[in-house]
Amino acid sequence: MSKYRNDERPEHPNDDASAAWETHAEWWLGEVATGLRPEYADQMIPLAVDLLAGCRSVVDVGAGEGQVARALAETGHDAVAVEPAAPLVQLADRHPGVCGVRAAANDLPLGNGSVDGAVASLVFEHILDFQGALDEIARVLRPGGRFVWFLNHPLTQAPGSGWVEDYISDEHGWRIGTYAVASHEWEMLDNGVELPFFHRPLSQYLNGLISASLELETMLEPTPPESFFEAGGNPIHRVIPRLMVLVARRPAQ
Ligand SMILES: C[S@@+](CC[C@H](N)C(=O)[O-])C[C@H]1O[C@@H](n2cnc3c(N)ncnc32)[C@H](O)[C@@H]1O
């Protein structure tokens, strides 16, 4: 996957990414959705299930076609899949035990304190109003409820980051791009598939949790599963993480 900045593109990606995601729903379903990526099957989904153990009702924010929500439903949770892109939320809703609702993260159609747990998996990178989305998650969690937040690692996946090889000096390694500067770009994920992508440094994410009055419990930077490397993933990721997981709790009153 390559990222690029298209300075000629006139419009700023707005918070209703559903239009872009609806346009490219077929691409997502063919490339990344249920069962297609080892990192989901062998790491992220089991982690989400594990970290949300004990939460009976769970909302999956920006659920896509519901691969995380489905796994939660299959392990005994009552799962609500909130997703703005119509073709995706329709698929999520078809799974037994999952209630799909078409909405955006900064306007969750759930009552105050109505869920035990929330998960957002690789979604906030596509959301402009990220503080509004975090505030909504804090609002719908019951006191003591838990939020599991998967993000592309903001340091190692910052725009301009990637593998570099210098054949002259025989040096190679992982370049960190423009980490400290929040930015937006259209990310080209495939031929003709461009989606809005927002980069934020880690401090923004952590300060966002603080502003939403959510308390950080754990931060994980897991090495990808073996299946990632077996499928040809770059071995540098044994020492350079791709994923960051923040686990936070709404304080019990
Ligand atoms: C990379 S996909 C991840 C889907 C799913 N969470 C998963 O891990 O399989 C990003 C998802 O975020 C959704 N999304 C984009 N903007 C959103 C917003 N403002 N609120 C909620 N979801 C949004 C997209 O429609 C898309 O389904």
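I began at arginine 56, which is exposed in this predicted model, with a relative accessible area of 55%. Looking for its partner, I found that the side chain of arginine 56 meets that of aspartate 78 in a salt bridge, at 3.7 Å from N to O. Aspartate 78 lies in strand S2 (residues 78-82) and arginine 56 in the loop between H3 and strand S1 (57-61), so the pair ties together parts that are 22 residues apart in sequence.

I then looked up how many salt bridges the structure holds, and the count is eight. Among them I noted arginine 242 with glutamate 39, whose closest N and O atoms are 2.8 Å apart. Because arginine 242 sits in the loop between helix H8 (226-230) and S11, while glutamate 39 belongs to helix H3 (residues 38-51), this pair ties together parts that are 203 residues apart in sequence. I recorded glutamate 39 as buried, at a relative accessible area of 13%, and arginine 242 as partly exposed, at 25%.

Next I turned to arginine 146, which forms a salt bridge with glutamate 217, with 2.9 Å between the closest N and O atoms. This pair links distant parts of the chain, since arginine 146 is in strand S5 and glutamate 217 in strand S10, 71 residues apart. I also noted that Arg146, Glu217 and Arg249 are linked in a network of salt bridges.

Finally I checked strand S11 (residues 243-249), where six of the seven residues are buried. S11 runs antiparallel to S5 (residues 141-152), joined by seven bridges, and pairs with S10 (residues 215-220) in the antiparallel sense over five bridges.

Terms used. Residues numbered from 1 in each chain as written. Predicted model: local features only at pLDDT ≥ 70, side-chain atom pairs only at ≥ 80, totals over all residues. Heavy atoms only, no water. Buried < 20%, exposed > 50% of the residue type's maximum accessible area, 1.4 Å probe, protein only. Helix = DSSP H or I, 4+ residues; strand = E, 2+ residues; numbered from the N terminus. Pairing = 2+ DSSP bridges. Salt bridge = Lys/Arg side-chain N within 4 Å of Asp/Glu carboxyl O.
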